[in-house]
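Here are my notes for your review. Please read them with the structure open beside you.

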Amino acid sequence: MTAIRIEPDLQHKLAILSREAEDEVADVPTETSIQRGLRQPTDLIYPAKQSGGGTTRLFKVLQTNACRYACRYCFTSCAIRRRRTTFKPDELATIFLQLHHHRHVDGLFLSSGIVPDANTTMERMLATVERLRRRAGYQGYIHLKLIPGADYEYIARAVELADRVSLNLEAPNPERLARLAPDKEWTDSMWTRLRWAADLIRQAREEGRRAARSLTTQFVVGAAGESDRELLVTVARAQRELGLWRAYFSAFHPIEHSPLADQPAEDPLRALRLSQASFMLRDYGFSFADLPFDAHGRLPRDKTPKQAWAEQHLLEPIEINRATRHQLLRIPGIGPRAAERILTIRRTTRLRDLAQLQRLGVRVAWCAPYLLLDGRRPARQLALW
Ligand code: SF4
């Protein structure tokens, strides 16, 4: 990496404020990363998938780690003694532009502690982004966190300036939030602000104006006794009412000296299963009633929710050469892109073996039990995979 010149006191701020942005999730973990025990990268630069496909390197940072709130799961909580520092908008904009100029990063992910109040915090963050967009002419990717309780005008400016905006609901409902973050209010400060942002995005799209293209949220999983069903009820509602692009799930891990320090960490596999279930709802045409909860509202951990659904419902194999898009998306191992490729190639080619499917991006070991390939079950071919 080419060295960039940052003043020593700014380097110190940078070390603190990039490290403390670590708990903001910008991508979904894989089973491999979970098995290897990998957490998110701890340096400044964070790879994240984009809505149109591809990966971007984000500079993930807080404007300040000072915060008036004492959320019980949070490293930045005011209840925990630690050194606090704040970037001035010019300082942060200058550092980002240097990183971008030297091609170390493709975009910015900006969050913040809340101090002294929501509007002042958003003003500071927006001033940073305005310096990038208006003074420096930066047109690249910006993901901007919305601050709970901020006034409408700040949400509107954020939607106007950023490519993606998000507001972390943290918990699926007000009762669960009270256990995690007693100072925060769910319905008006958080859900209503998400609704404002969703309406502003829709309006800009209808009028052909440049604005944020997507809205996301994040939940802390496993610290408030919530079930998977509770979380996914709220995700389904947000997808339906707000057009939520993605819900991120951050498995709880206890913070030393916090009120939840003695509570066990949540299994990261749970967060992955929740993400997969949210994709079933958003991208695969499943309804909430299709999700395979047990009697306690839990998803299975030992298989994906789509595999669990298929075991119960796909009792007859599906002919891959005749299946509709809707049917293809119900088969484990076939995602939206692979389904499109299958539909395209079928116009000219008969699909007869698993190798063809694998080349189209299908996970053949997962889908084979549910398929017919030109009238034949691929069971014998499966031994080859
Ligand atoms: S508002 Fe809560 S979650 Fe956000 S930085 Fe402050 S203490 Fe942490």
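**Notes on helix packing and surroundings**

1. Start with α5 and α7. These two helices pack with their axes 10 Å apart, at an angle of about 45°. That angle makes α5 oblique to α7. The crossing of the pair is right-handed. On the α5 side, the contact uses Y152, I155, A156 and V159. On the α7 side, it uses R193, W196, A197, L200, I201 and A204. By residue class, this contact of α5 with α7 has nine nonpolar, no polar and one charged. Bear in mind throughout that the model is predicted.

2. Next, α4 against α5. Helix α4 spans residues 118-135, and helix α5 spans residues 152-161. Their axes come within 10 Å and cross at roughly 25°. Angles under 35 degrees count as roughly parallel. α4 and α5 are therefore roughly parallel to each other. Their crossing is left-handed. From α4, the residues in contact are N119, M122, L126, V129, E130 and R133. From α5, they are Y154, R157, A158 and L161. The residues of this contact of α4 with α5 split into six nonpolar, one polar and three charged.

3. Then α3 against α4. Helix α3 covers residues 89-101. The axes of α3 and α4 come within 8 Å, with a crossing of roughly 45°. The two helices are therefore oblique to each other. The crossing of α3 and α4 is right-handed. α3 contributes P89, D90, L92, A93 and F96 to the contact. α4 contributes R124, A127, T128, R131 and L132. The contact of α3 with α4 comprises six nonpolar, one polar and three charged residues.

4. Look at the ligand site. Which residues surround the ligand? They are C67, Y69, C71, C74, T76, S77, G113, I114 and A181. In this shell, six residues are nonpolar, three are polar and none is charged.

5. Is D199 buried, partly exposed or exposed? D199 sits in helix α7, which runs over residues 187-207. A residue is buried if 20 or more other C-beta atoms lie within 10 Å of its own, and exposed if 12 or fewer do. D199 has 15 C-beta neighbours inside 10 Å, so this residue counts as partly exposed. There is also a distance to check here. D199 and G243 are 44 residues apart along the chain, and their C-alpha atoms are separated by 9.5 Å.

6. Helix α10 deserves a check too. This helix runs over residues 305-313. P305, K306, A308, W309 and A310 are buried in α10. Note that K306 is among these buried residues. What covers the buried residues of α10 includes α9, residues 268-283.

7. Finally, the chain as a whole. How many helices and strands does the protein chain have? Its secondary structure comes to 15 helices and nine strands. The protein chain has 385 residues, and buried residues make up 40% of them. Consider the contacts between residues at least 6 apart in sequence. Of these, 67% join residues at least 24 apart.

Note on methods
Residues numbered from 1 in each chain as written. Predicted model: local features only at pLDDT ≥ 70, side-chain atom pairs only at ≥ 80, totals over all residues. Axes fitted to C-alpha atoms, helices over the stretch in contact; angles between N-to-C directions. Helix = DSSP H or I, 4+ residues; strand = E, 2+ residues; numbered from the N terminus. Parallel < 35°, antiparallel > 145°, perpendicular 65-115°, else oblique. Left-handed = near helix turned anticlockwise from the far one by under 90°. Contact = placed C-beta atoms within 7 Å. Nonpolar A, V, L, I, M, F, W, Y, C, P; charged D, E, K, R; others polar. Near = placed C-beta within 6 Å.
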